[in-house]
Amino acid sequence: MGRTLQNTMINLGLQNACDEAVYQLGLDIEELEEIEEDAGLGNGGLGRLAACFLDSMATLGLAAYGYGIRYEYGIFNQKIRDGWQVEEADDWLRHGNPWEKARPEYMLPVHFYGRVEHSGTGAKWVDTQVVLALPYDTPVPGYMNNTVNTMRLWSARAPNDFNLRDFNVGDYIQAVLDRNLAENISRVLYPNDNFFEGKELRLKQEYFVVAATLQDILRRFKASKFGSTDSVRTVFDSFPDQVAIQLNDTHPAMAIPELMRIFVDIEKLPWNKAWDITRRTFAYTNHTVLPEALERWPVDLVEKLLPRHLQIIYEINQRHLDHIASLFPADVDRLRRMSLIEEGGTKRINMAHLCIVGSHAVNGVAKIHSEIVRTQVFKDFAELEPEKFQNKTNGITPRRWLLLCNPGLAELIAEKIGEDYVRDLSQLAKLHDFVDDDLFIREVAKVKQENKVKFALYLEKEYKVKINPSSMFDVHVKRIHEYKRQLMNCLHIITMYNRIKRDPTKLFVPRTVIIGGKAAPGYHMAKMIIKLINAVAQVVNNDPAVGSKLKVIFLENYRVSLAEKVIPATDLSEQISTAGTEASGTGNMKFMLNGALTIGTMDGANVEMAEEAGEENLFIFGMRVEDVAELDREGYDAQQYYDRLPELKQAVDQIKSGFFSSNEPDLFKDVVNMLFHHDRFKVFADYEAYVKCQEKVSELYLNSKAWTKMVIRNIAAAGKFSSDRTIKEYARDIWHVEPSDLKIPPPNEPREVAEDRTPNGTEARA
């Protein structure tokens, strides 16, 4: 979520008033804003997307809730020591959190372990261990519409009789100390991005958030006029019409068997009725196609922790496979491929398959990704129910990612086309009229230059490196992962360095290359990549022959509040994943909206950015999805590229020989070995095209006016990438609710006046 103060002031229309008031107290609002800790309750794109979605749902007046876990420790703080990443705990609640309100009156029990008893009245889950879920509510204000939604995060608490129930009064002190075991559930965020780690505590976290949330949803449904009771029992027929639950990846997949357990075991609905309601309630968003990221929980673990849920999953699977067998008799291989249970070695539950079978809609997050989901990853399922599969291209909130982080540009745009674009970003297309307006071109360039100067001062303060603010700011910030190919950027840096050294008199377009991002603590290769970048920076930044032509900075502890500083100052955005691996990306959209040009592959949302702006207004290079597939068929041979490309050979030899690590010449042997022998992401295959494309970037940068015109065309084409547009599509195509851009009356306005402001005296929102 990042910081909340400035976003709240902007959405409430109070920023100028607060600025002024604080100024009159002799304080600087920016200094105050810098004191707030980031809420870092997710890993990367997935968590930030949810935050943008919350902002858009409130702005569109949807009655929507964001549910998650109130981690005591969020994503670790990254320190760079001697070029290596070192993790520190993110104690973000140390000074309290003024935005949250604990709601003990809505505390709910969550059960674990135990066993299942079957009887004539049905199944009962007994002898369980109970953990209490305490909700904390954070307000989510819409933009200037008097709507405030809720983000509800659950914290784990031990019941007061924890470990004291069982006549084990022997050690009272130990029993109280053991409360920590239960409360550890919400202690810390697992720091993996795009990687599955099948740990028991992680499964506990996933079930914890799901069980508490579903009870909360059912309580709310029963209290509403829709949860009508026929004297004894609630009628659930209207449940899917009143409730829509979106599964953000498979992490909350246990919600499917949990809702079935509630309906069948507790509410005593017949299976078929319960299953129909469940499927119509859930929809699933897939966020990655990397096999190592797909959740596959061992059956033994689920059986120990959630025995009843395993039985329900088996029953779901049995009926699912019976259905497929009836359609494809004797096709046993299809049954094996489509089963929720993977046999062979340890039996595992394929959570993506569970989500597909248990949902009425499945979507990818960019056109190309949704195509891969439909035709490759979940091909069998899409053939069975083609109407279930959709695309919903990701977006970003223009409130945080333009108004808040780049007020200079936001104001310049408003002068030209008015202020309405903030709620309807498609209006940015009107800027096409000003592509040839010399004054506007100069003003856009001036705003960028001011942002660069400000960020250069920040870098000089933090990193003690002198930055040339007129150099091209070439920025590559995102989680460190092999598929995102920070290594390819690194090879380009070395290539630029070698070119400067070869001919120091030759014209060279000065660059400041900024790379930032966190590596999962257990991801050895990612940590080696960080060390390599820092080792290269050490050599480049201290070579007098290079001077101010080339500087390399590794940006420490990349997070939302740092993104808000670096993105507005960026000239060139690096989006260079191997085609077919980045589901969408959202940083790419933030850079586009803030006046950077993109160098990128035809991957994720880059494809649609090129479609919107025209491919000639992005620097697109490298293999397409088809080329990657072709190369896989032939067999990728890295050696061939090394032998054929002298500059690549020189760069790799320098890494290998210890040119960047003289104290430990074979420090990077694992990296080099990977590049030659098991590089799944084919860095060498795109190196030549990447370097050539970078030459075109430098050439255009020399022509400031032509560069800025291309920037304006990009900003004018960025309208599609608002999360408001994304959420409208979810609302209409999946949730079947109508967004409203009506401003509801403020709470201080008398009731009669309020009724005059809405059609036929009804309220603007239910």
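## A six-stranded sheet

Two strands count as paired when DSSP finds at least two bridges between them. With that in mind, take a look at this predicted model. One of its features is an open sheet built from six strands, in the order S21-S20-S19-S22-S23-S24, and the pairing is parallel. Strand S21 (550-555) and strand S24 (619-620) sit at the edges with a single partner strand each, so one side of each has no neighbour in the sheet.

## Zooming in on S20 and S21

How many bridges join strand S20 to S21? There are six, and the two strands, S20 being residues 511-516, run parallel. As an example to find in the structure, Arg 511 has Leu 550 in S21 as its bridge partner. Helix H21 (residues 524-541) packs on the sheet and touches both S20 and S21. The direction of H21 makes about 145 degrees with that of S21.

Now move to another part of the chain. Helix H9 covers residues 255-266 and helix H10 covers residues 271-281. Their axes come within 9 Å and cross at roughly 140 degrees. Angles over 145 degrees count as roughly antiparallel and those from 65 to 115 as roughly perpendicular, and H9 and H10 are therefore oblique to each other. The crossing of H9 past H10 is right-handed.

Which residues of H9 meet H10? They are Ile 256, Leu 259, Met 260, Phe 263 and Val 264. On the H10 side, the residues they meet are Trp 271, Ala 274, Trp 275, Ile 277, Thr 278 and Thr 281. Sorted by class, this contact of H9 with H10 has nine nonpolar residues, two polar ones and no charged ones.

Technical notes. Residues are numbered from 1 along each chain as its sequence is written. This is a predicted model: local features need pLDDT of at least 70, side-chain atom pairs count only at pLDDT 80 or more; totals for chains, interfaces and linings use all residues. Side-chain values use heavy atoms; hydrogens and water are left out. Helices (H or I, at least four residues) and strands (E, at least two) are DSSP runs, numbered from the N terminus. Contact means heavy atoms within 4.5 Å. Axes are lines fitted to C-alpha atoms, for helices over the stretch in contact, and angles run from 0 to 180 degrees between N-to-C directions. Angles under 35 degrees count as roughly parallel, over 145 as roughly antiparallel, 65 to 115 as roughly perpendicular and the rest as oblique. A crossing is left-handed if the near helix is turned anticlockwise from the far one by less than a right angle, and right-handed if clockwise. Ala, Val, Leu, Ile, Met, Phe, Trp, Tyr, Cys and Pro count as nonpolar, Asp, Glu, Lys and Arg as charged, and the others, Gly among them, as polar.
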